[in-house]
Amino acid sequence: MFIIIIIIIIIIIIIIIIIIIIIIIIIIIIIIIIIIIIIIIIIIIIIIIIIIIFKIFFSVIMSECECEIAKSVCALKKVFDEYAGRDGDKESLTKKELKEMLKDKMGPKMKDAKDPGKLKDVFECMDKNQDGVVDFPEFMMALGVMASAINGWKFDLKCHK
Ligand SMILES: [Ca+2]
Ligand SMILES: [Ca+2]
């Protein structure tokens, strides 16, 4: 009888220990799940912060770019007006005005401006409507070629009339 009671007590103790171990395991699993959820939330917050910072940075860069482009166009219009106005008609550049502008503003990077033949080609290609003068829209269209010259690329104005 005594032995049976002892065995029952031992079994009960073992069951209690097993239950305690299971509870501890469940608590550990819950803690791990909570830690994983916290890590995921932190990662999501970091990603959102990075996206917000990137958007702010990108919008600042974009607005600076837009501002720079506007400033550049204004600066180009100023130069155009300065040279176009030399013969009294500030709406367009004559060949002489264009030559002076290229010589003054492009400097050694525009060697072709000193060659009368090349200058004639440049002028004729810039003068898209062939009215003998280069107006501001024609001038702006030719800026891609000038940008090439500024950047040291070969100045070779292809005329597609
Ligand atoms: Ca003029
Ligand atoms: Ca023209």
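**Close-up views of a predicted model**

**View 1. The buried face of helix α2.** In α2 of this predicted model, the buried residues are Glu-97, Leu-98, Met-101 and Leu-102. Seen down the helix axis, these buried residues of α2 fall within an arc of 130°, so they line one face of the helix. An α-helix has 3.6 residues a turn, so residues three or four places apart point the same way. Helix α2 has 12 residues, and the distance from its first C-alpha to its last is 16 Å, close to the 16 Å expected at 1.5 Å a residue.

**View 2. The two sides of helix α3.** Helix α3 runs over residues 116-126, and its residues Val-122, Phe-123 and Met-126 are buried. They cover an arc of only 95° around the axis, which puts them on the same side of α3. Gly-117 and Lys-120, on the other side of α3, are exposed.

**View 3. The largest nonpolar core.** The largest nonpolar core has 13 residues, and Leu-93, Leu-98 and Val-134 are those with the most contacts inside it. At least two residues of this core come from each of α1 (2-84), α2 and α3. In soluble globular proteins, nonpolar side chains tend to be buried together. Leaving aside residues up to four places away in sequence, Val-134 touches Ser-92, Leu-93, Leu-98, Phe-123, Met-126, Asp-127 and Phe-139. Of these partners of Val-134, Leu-98 is among the buried residues of α2, while Phe-123 and Met-126 are among the buried residues of α3.

View 4. Phe-139 is in helix α4. Phe-139 counts as buried because 22 other C-beta atoms lie within 10 Å, the cut-off for a buried residue being 20 or more. Residues up to four places away in sequence not counted, Phe-139 touches Phe-80, Leu-93, Met-126 and Val-134. Phe-139 and Met-126 are 13 residues apart along the chain, and their C-alpha atoms are separated by 6.5 Å.

**View 5. Gln-130 in the loop between α3 and β2.** The loop between α3 and β2 holds Gln-130. Gln-130 is not a glycine, yet its phi is positive, at about 55°. Most residues other than glycine have a negative phi. Gln-130 counts as exposed because it has 8 C-beta neighbours inside 10 Å, and a residue with 12 or fewer is classed as exposed.

**View 6. Leu-143 and Leu-76.** Leu-143 lies in helix α5, which spans residues 143-150. Leu-143 has 14 C-beta neighbours inside 10 Å and therefore counts as partly exposed. Along the chain, Leu-143 and Leu-76 are 67 residues apart; their C-alpha atoms are separated by 9.6 Å.

**View 7. The spans annotated as transmembrane.** An unreviewed UniProt entry carries the annotation "transmembrane region" for residues 6-29 and 36-58. In the model, residues 6-29 are 100% helix and 0% strand, with end C-alpha atoms 34 Å apart. Residues 36-58 are likewise 100% helix and 0% strand, and their end C-alpha atoms lie 32 Å apart.

**View 8. The chain as a whole, for orientation.** The chain has 5 helices and 2 strands. From the N terminus on, these elements run α-β-α-α-β-α-α. Of the 161 residues in the chain, 12% are buried. Among contacts with a separation of 6 or more, 42% join residues 24 or more positions apart.

Definitions and conventions
Residues numbered from 1 in each chain as written. Chains lettered and ligands numbered in written order. Predicted model: local features only at pLDDT ≥ 70, side-chain atom pairs only at ≥ 80, totals over all residues. Helix = DSSP H or I, 4+ residues; strand = E, 2+ residues; numbered from the N terminus. Arc of directions from axis to C-beta. Core = buried A, V, L, I, M, F, W, Y, C linked by C-beta atoms within 7 Å. Contact = placed C-beta atoms within 7 Å. UniProt positions renumbered as here; feature names shortened; annotations may be inferred. Expected span 1.5 Å × (residues − 1).
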